[in-house]
Amino acid sequence: MTNVMMIGASFSEVERDRLKTAFNAGFVADVTDLDSLSVQARAETAAVAFKGHAAFGAAAMDLLPKLGLIANFGVGYDAIDVEAASKRGIRVTNTPDVLNDDVADLAVAMLLAQCRNMIAGDACVRSGDWAAKGSLPLNRKASGSRVGIVGLGRIGREIADRLAAFKMDIHYHSRSEKQTPGWTYHSDVVSLAEAVDFLVVALVGGKETLGYVGTEALAALGPRGVVINISRGTTIDEAALLKALESGIIAGAGLDVFLNEPDIDPRFRALDNVVLQPHQGSATTETRTDMALLQHDNIAAFLAGRLLLTPVN
Ligand SMILES: O=CC(=O)O
């Protein structure tokens, strides 16, 4: 009997094997494939191990009448309609904390790569241009500048701690003022953007933060401003961001997340003032293993009737 169903083409072979061995879990690549399962397989499914960013809404939940748990692989669960799940008595879990370090590391790496022009530097050495044409134009100092963190949750704090070690003056905006070591709170994102050179977006995704950083904040950041986004493509108004990058309203960006991943807006690829990453904030072997184990442990706890480790609802 299979009462656990994996949903997500992005599960690795190791992750699939682990869940298959532990729970005899079945597999479908996408939520839209659920109706291809037999009536019995759907009727037996008590828990779903979910991975990916495709929407998991009420209609899919209704295909699984005994569903009691959606265990998300990832901290962000904006793909899952949690309200619809709660209404149906379905619990949702995620994988917080274990990925904070990696996501914060990538944010810092993109900020440094952007300032120090590292992508062009690598190309310059590889292509032979260094010998043929000489060094690159001077790039930009990162240490000691002013940075604004949008969203001082678990990941935002890790980013701020790292950038404080780079002697940066830390400003932040979040729902409420926090206990911080001398960092400056801003009650709105525009005043934060006005005060800093770098804006690092570490918000949760979802309806509430849709287009949170928009035209006004980008204009306030100004022509030396750099945006780093490791949250979700939805948190920045992407049309406004592209316009700001193309027209010099801001200086550049480091982006790990986009709308319509992986088929991102081709205008990004034409820009030479951006560092682009394929949504890989948590993508180290170590962290993905920890995330997989936490997802597994939530499913095991649910099936055994124990308390969930990291519940969302
Ligand atoms: O995007 C990755 C996550 O939410 O964990």
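Buried means under 20% relative accessible area, exposed over 50% and partly exposed in between, with a 1.4 Å probe and protein chains only. Strands (E, at least two residues) and helices (H or I, at least four) are DSSP runs, numbered from the N terminus.

The model is predicted, so local features need pLDDT of at least 70 and side-chain atom pairs count only at pLDDT 80 or more, while totals for chains, interfaces and linings use all residues. Residues are numbered from 1 along each chain as its sequence is written, and side-chain values use heavy atoms, with hydrogens and water left out.

β9 and β10 run parallel and are joined by four bridges; two strands pair if DSSP finds at least two bridges between them. Within this pairing, L199 has V227 of β10 as its bridge partner. Now show helix α10, residues 215-221, which together with β9 and β10 makes a right-handed β-α-β unit. Right-handed means that, with the strands pointing away from the viewer, the path from the first strand over the helix to the second runs clockwise.

Then select strand β11, residues 252-255. Four bridges connect it to β10, and the two strands run parallel. I228 is bridged to G254 in β11.

Move to the ligand. Which residues are around the ligand? They are H53, G74, V75, G76, L99, R232 and H279, where a residue is near if one of its heavy atoms lies within 4 Å. This shell divides into two nonpolar residues, four polar and one charged. Here Ala, Val, Leu, Ile, Met, Phe, Trp, Tyr, Cys and Pro count as nonpolar, Asp, Glu, Lys and Arg as charged, and the others, Gly among them, as polar.

Zoom in on the oxygen atoms of the ligand. One lies 2.8 Å from a backbone N or O atom of V75. For G76, a polar backbone atom is 2.8 Å from a ligand oxygen atom. R232 has a polar side-chain atom 2.8 Å from an oxygen atom of the ligand. Of the 190 Å² of accessible area that the ligand has on its own, the protein covers 86%, by the Shrake-Rupley method with a 1.4 Å probe.

Last, select L37, in the loop between β2 (26-28) and α2 (39-44). Is L37 buried or exposed? L37 counts as buried because its relative accessible area is 17%. Its C-alpha atom is separated by 32 Å from that of G233, 196 residues apart along the chain.

Conventions: Polar contact = N/O pair within 3.5 Å; in protein donor to acceptor, adjacent residues only side chain to side chain.
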